[in-house]
Amino acid sequence: MGEEQDMHEPVSFCKMPVGVFFRDVRSVFKWDVLGKEILQIAVPAALAVAADPVASLIDTAFIGHIGPVELAAAGVAIALFNQASRITIFPLVSITTSFVAEEDTVAKMKMKSGKGQKLKKGSDMLDDMENGVAKPRSETKEPALDDANDEAAENGKYLENDEDTENCENSDRGLDEGSEPKKSIPENAKLENGDKGDLKNSEPQENGPKTSIENCPSVVMSKTKKAKMKNKKRNIASASTALIFGAILGLLQAIFLMLGSKVLLGVMGVKHDSPMLRPALKYLTVRSIGAPAVLLTLAMQGIFRGFKDTTTPLYVIVAGYAINIALDPLLIFVCGLGIRGAAIAHVLSQYLMALVLFLILMRKVNLMPPSIKDLQFGKFLKNGSLLLARVVAVTFCVTLAASLAARLGPTPMAAFQTCLQVWLTSSLLADGLAVAGQAILACAFAEKDYKKATATATRVLQMGFILGVGLSLVVGVGLYFGAGIFSRDVNVLHLIKIGLPFVAATQPINSLSFVFDGVNFGASDFAYSAYSLVLVSIASIVSLFLLSKSDGFVGIWIALTIYMGLRAFAGVWRMGTGTGPWRFLKHRSSPQLS
């Protein structure tokens, strides 16, 4: 409630913490703990995020060699499929990453807290024993040791032998009866491992049985329980909830696209007499079959991101898309399936990735919660609905741009599709930093570690801007000399070079926009993300209609530049003014910031 109230407070410009964006700017490349953590998450995440557009880019290159009509048709179908996928999956993936990270962090904090209390009690007991303070068992019985002894009584198989058990009982009995502890536990006994409570160098009683506290049932069971905890599956309700939503939404998307493909393509500007209609229908219908696999795969990626594990999904995704790329020429040219073959290759790879990720996830997470009540449907629906409005508004701008380009004809649409794929693919590399920022920030806010939250946000934003500058150079040079990969048509290549300056120059702005998304989601600032982007989209839609009508192909790219610039400004405004979850930036007296 505090954050919602703060959203409506007047902003004092003299107190705005705008300088936070330049904090520790010289440390942007510093290889410290934070830098390592960010890159260990960001690099695999960026490669995984870029894998799908890269696969679509390769599909586009293969389809482009069939002909410009098929290339334009695939462009419209891919744009439509991606629009439907983003509407359904983007809110789910975003909130899943934050909720899983928060839930996992809270669980670890509780475990550490409980472990620390038990460790302190066990240490106090051992200190009393070393000092010769022996109390009756009924008075000194500790809960942690009590549980272990009860479990040992039921599971005698964990004891090494009966003799050790008898010796431990004799040792305990001797302490209870007030025997001198110096004979069984000398003063020079050292506690070498605080977690286990093991006592080393214990000397046997003179002429008595050899006693080792390390072999006592309580300590043996403590080791066994610790080993079990290590291999125990995590109980994360958000993970189960995300998979349920992913499966349902995937089926609904597949049915929606297959039944309404012709109408939807008409809305995109592909009329009944257009030469693009037939190949577009072929591609979209087949591609729709893979919608459930796409949503489940992305939902599971969100779960792994919440665990700060972006390497596992990367391996699976790279393997899946490698199969996709290998199948493309085989199905398109060798089998003679044409544009339909490209769609089949994509669908097969998606189902393979979903299956492998699910099998891996089953080994890490308990996907069957104890009760249906543990599932967080209400939490997902509340925040998901906010992001649903956001993603509809945001992706509608790109889809509208593709639709307006399609109305210009097959040649402008083919050029626009090529430029758009390069634009999104290169910009989405910054999404790796967004994922890293979101996961780390979600944990930091759950721990109320505002110092780390500030350092993480500024570091990923600075990295994002530098990445964008580098991408400008790479994209500019690469597309200028490599445009011929996508098409042999002279007119298409001419229009690609016209759109090249916009594609290259907007990379820093695009990178900042994507990273700000991760920063907002990590702070669970879903409401602001939704409302601000709706306003940005309204302004961008107006500019798209006006500029495309007056300047055609160039006007569309000017409007898209305005759109990304407003997205970046919305992110700067939220954090730079110190409002919402960032209000602590204006209160320097906070203990966390001192």
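A: The answer below takes the cavities in turn and then a helix that lines one of them.

This is a predicted model, in which local features need pLDDT of at least 70, side-chain atom pairs count only at pLDDT 80 or more, and totals for chains, interfaces and linings use all residues. Residues are numbered from 1 along each chain as its sequence is written, and side-chain values use heavy atoms, with hydrogens and water left out.

A search of the whole structure finds four cavities of 30 Å³ or more. A cavity is a set of points, on a 1 Å grid over the protein atoms alone, where a 1.4 Å probe fits but cannot get out; lining residues have an atom within 4 Å of a point. Points are joined across faces, edges and corners, and a volume is the space filled by probe spheres set on them.

The largest cavity holds about 970 Å³. Its lining counts 46 residues, with Val-49, Arg-86, Phe-90, Leu-428 and Asp-431 nearest the centre. Helix H3 (residues 68–130) supplies the largest share, eight residues; helices are DSSP runs of H or I, at least four residues, numbered from the N terminus.

The second largest cavity holds about 70 Å³. Among its lining residues are Ala-79, Arg-86, Val-398 and Gln-417. H3, H14 and helix H15 (410–427) each give two or more residues to that lining, and H15 gives the most, four.

Helix H14 (residues 377–407) has a kink of about 30° centred on Phe-396, the bend being the angle between axes fitted to the seven residues ending there and the seven starting there. Gly-409, which follows H14, has a positive phi near 125°.

Terms used:
1 Å grid on protein atoms, 1.4 Å probe; cavity = no way out; pocket = protein on both sides within 12 Å on 5 of 7 lines; lining within 4 Å.
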